[in-house]
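Take a look at the structure below. The paragraphs that follow walk through a helix, a contact and the nonpolar cores.

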Amino acid sequence: MFEIKNLHAGIDGKEVIKGLNLTVNPGEVHAIMGPNGSGKSTFSKVVAGHADYEVSEGQVLLDIHFKMKDILLLAPDERARNGVFLAFQYPTEVPGVNNLEFLRASFNATMREQGIQEMDATSFEAFVLKKIEFLGMKPDFLARQVNVDFSGGEKKRNEVLQMAVLSPRLCILDEIDSGLDVDSLKAVADGVNRLRSKENAFILITHYQRLLDYIVPDKVHIFNDGRIIKSGGKELAKEVETLGYDHLIH
Amino acid sequence: MGQIVESFEKVWAEADQSHPPKNFVRLIRKELEFLPWPDRGHEDFKYTNLSKYLNSPFISSKKELFQIENDNAYHTITFINGYLTSKNVDTKSIQISELEPESHFLERPSTQILSLLNWAQGSKTVHIQVLSTCTKPLFIQYINVGSDSQSLIQPRIAVALSPHAKITILEDTLDMGGSGGFVNKLFMATLAEGSELNHYRIQNEGHKSTSNGSNQVEVHRDAIYKTWHFNLGALLGREASQIRLLEEGARAQLKGLYLSTENRQLDQHIEVFHDSKNTYSKQHFKGILRGKSKAVFNGRIYVAKGASGVDARQLNNNLLLSSEAEIDTKPELIIENSDVKCSHGATVGQLNPDQIFYLMARGIPAPQAEEIICRAFAEEILFSIENLDIRKKVTRACAHVLNQGGLYAPV
């Protein structure tokens with residue numbers, strides 16, 4: 001469903017991802033762990049299509065209508081409409097834009113792409129309220145401006161809500177646990193767990209084992225210097241927790 | 001550079017045939033006789049080359065008559081090509097008459113060149129008296145049809161609010177000809193003690209027109225003047241306001257939005273005179289500029305000698321969507337007093353690429369992402385419109401400009 005082949009990418013002329021290979025199947029949860037500066041966040045930005053990052057080599061293939069297509073050729077919005085979702089480490093504040101209207105614009109853009117009838121404001125609100133209830137969130141999120149004056153936890157939960165509304169097939173969560181207290185972390189993890197299905201897959205980018213106590217991965221990859229140096233099961237995360245990255249790198 | 005008179009003498013001669021000019025009009029014409037078009041040395045025209053737009057001989061617009069369907073939510077008066085053609089006002093609170101041009105409607109009439117040109121035509125002033133509070137808004141509708149590129153349209157309105165009367169007035173334009181010409185409107189209002197005027201203006205002239213709207217308001221004791229300007233249309237769209245706070249307790253709130261696209265220019269000139277102590281004013285104007293367009297914000301606040309306890313605020317924010325767009329923003333404070341609170345600020349920014357990327361990462365195409373962010377920028381002004389029907393009208397007019405990149409723009 002999702003495959004990265006020999007990806008080389010960087011920013012400002014400096015190569016950060018140096019030959020990355022990764023295969024993700026539907027229903028799987030992968031965790032990417034690694035020290036600061038190992039290229040984890042760059043990887044997520046490159047997959048989402050941020051214009052500041054340049055790809056010099058390789059392919060990022062996604063199953064679109066039963067064909068593996070290189071999404072590097074698509075604009076960020078096209079990637080999103082075809083099922084790629086990046087939960088931002090620092091969700092952007094968009095002053096003046098109502099959260100509900102933003103969600104509807106986003107949802108309807110995806111519907112248009114898939115040739116499905118768009119939803120009017122009333123039906124969409126009912127649809128979102130169900131998602132909110134499903135995630136155990138408060139409806140007052142909807143009336144607020146996108147991420148403006150949201151606490152760290154609220155911002156991350158808003159990302160999970162967007163995920164629930166858009167039902168993407170590949171979700172990359174970039175340090176969804178950063179800046180969260182234990183209660184917020186549990187709430188966010190619980191939301192993600194509810195959204196897991198046989199059809200979608202998750203890539204969790206994290207520094208810490210703690211997140212993986214709540215969202216249990218099928219595979220763990222250790223990132224260093226722009227590539228995966230070791231892959232394994234969830235026990236690999238425990239190894240990092242007790243022995244540190246140095247032990248794996250050297 | 002040609003003389004002003006050369007462009008207008010034909011129109012005046014034509015007007016005089018049906019309506020011999022009064023002395024007042026002759027005096028104004030005499031004043032204009034040897035004046036050249038103001039050049040860049042003139043503070044109000046520093047960024048606007050007026051002669052480029054107005055240096056051709058004008059002709060009078062044709063009188064046209066046709067039936068207009070009225071919206072019952074409003075009292076309506078209609079001007080076609082600048083001539084008052086119908087009144088649909090079913091209240092005794094509002095009285096409308098046409099008066100000979102005269103100088104003494106305002107205590108301190110403006111001497112600005114474009115206002116003088118409006119007077120110089122010698123046509124009658126449409127006088128609107130608001131005797132008591134009127135709950136239904138008054139809609140002043142300007143319809144321009146089949147205008148010639150050299151036609152001159154110069155309506156003139158004087159509104160007088162009686163003490164403690166309240167009214168909402170909406171001015172809007174429907175340009176059906178689209179062939180251009182010069183529209184030079186003059187709107188005057190005097191607000192007697194304790195009265196309140198909510199004044200909405202939509203400048204929505206055709207893309208080839210040159211438009212000037214002069215707006216002169218005198219506010220007396222404890223009266224409140226609130227205005228919202230939407231400067232949207234025309235090749236050159238100029239809105240010039242002079243607000244005089246003449247007596248204690250007088251207040252003015254001015255908000256505005258200008259959306260400039262392609263090669264157009266939209267100017268806002270605001271002068272607020274705090275002539276008396278304990279008078280208050282607030283201005284907030286926002287602009288969005290696209291293409292090679294230009295805009296000017298020139299906001300001046302005067303605080304007269306002895307006018308203590310004044311509170312005057314001014315803010316201008318601009319969003320430039322293209323590197324070729326140009327904004328000249330020039331706030332000015334002229335204060336002859338120490339016991340005042342005055343503030344002014346101006347910002348010029350571009351679209352935030354992080355915001356655009358965030359919306360795109362959620363599947364929203366770039367042009368729609370841009371539109372959503374522009375709309376949010378504009379909504380700060382749009383949401384302050386108190387009358388919901390007017391808010392809808394204005395929002396529609398703004399969306400038209402934002403979505404299509406300009407009226408009559410090639411697709």
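Start with helix 1 of chain A, residues 40-48. Eight of its nine residues are buried, so this helix is largely enclosed by the rest of the structure. A residue counts as buried here if 20 or more other C-beta atoms lie within 10 Å of its own. The buried residues of helix 1 of chain A are A:Lys40, A:Thr42, A:Phe43, A:Ser44, A:Lys45, A:Val46, A:Val47 and A:Ala48. Just after this helix comes A:Gly49, with a positive phi of about 100 degrees. Keep in mind that the model is predicted.

Now turn to the contact between the chains. Chain A gives 18 residues, and chain B gives 18 residues. On the chain A side, four elements each supply two or more residues: helix 2 (76-81), strand 7 (94-98), helix 3 (99-113) and helix 5 (152-166). By class, the side of chain A that touches chain B holds ten nonpolar, six polar and two charged residues.

Next, the nonpolar cores. In soluble globular proteins, nonpolar side chains tend to be buried together. The largest nonpolar core has 145 residues. Which of them touch the most other members? They are A:Phe85, A:Ala87, A:Ile172, A:Leu204, B:Val219 and B:Cys398. Helix 6 of chain B (residues 366-382) gives the most to this core, with seven residues.

Look at A:Leu204 in particular. Leaving out residues up to four places away in sequence, A:Leu204 touches A:Val29, A:Ala31, A:Ile32, A:Leu173, A:Leu211, A:Ile215 and A:Pro217. A second, separate core has 22 residues, including B:Ala15, B:Ile28, B:Leu152 and B:Ile153.

Key:
Residues are numbered from 1 along each chain as its sequence is written. Chains are lettered from A and ligands numbered from 1 in the order in which they are written. This is a predicted model: local features need pLDDT of at least 70, side-chain atom pairs count only at pLDDT 80 or more; totals for chains, interfaces and linings use all residues. A residue is buried if 20 or more other C-beta atoms lie within 10 Å of its own, exposed if 12 or fewer, and partly exposed in between; C-beta atoms are placed from the backbone. Two residues are in contact if their C-beta atoms, placed from the backbone, lie within 7 Å. Ala, Val, Leu, Ile, Met, Phe, Trp, Tyr, Cys and Pro count as nonpolar, Asp, Glu, Lys and Arg as charged, and the others, Gly among them, as polar. A nonpolar core is a set of buried Ala, Val, Leu, Ile, Met, Phe, Trp, Tyr and Cys residues joined through C-beta atoms within 7 Å.
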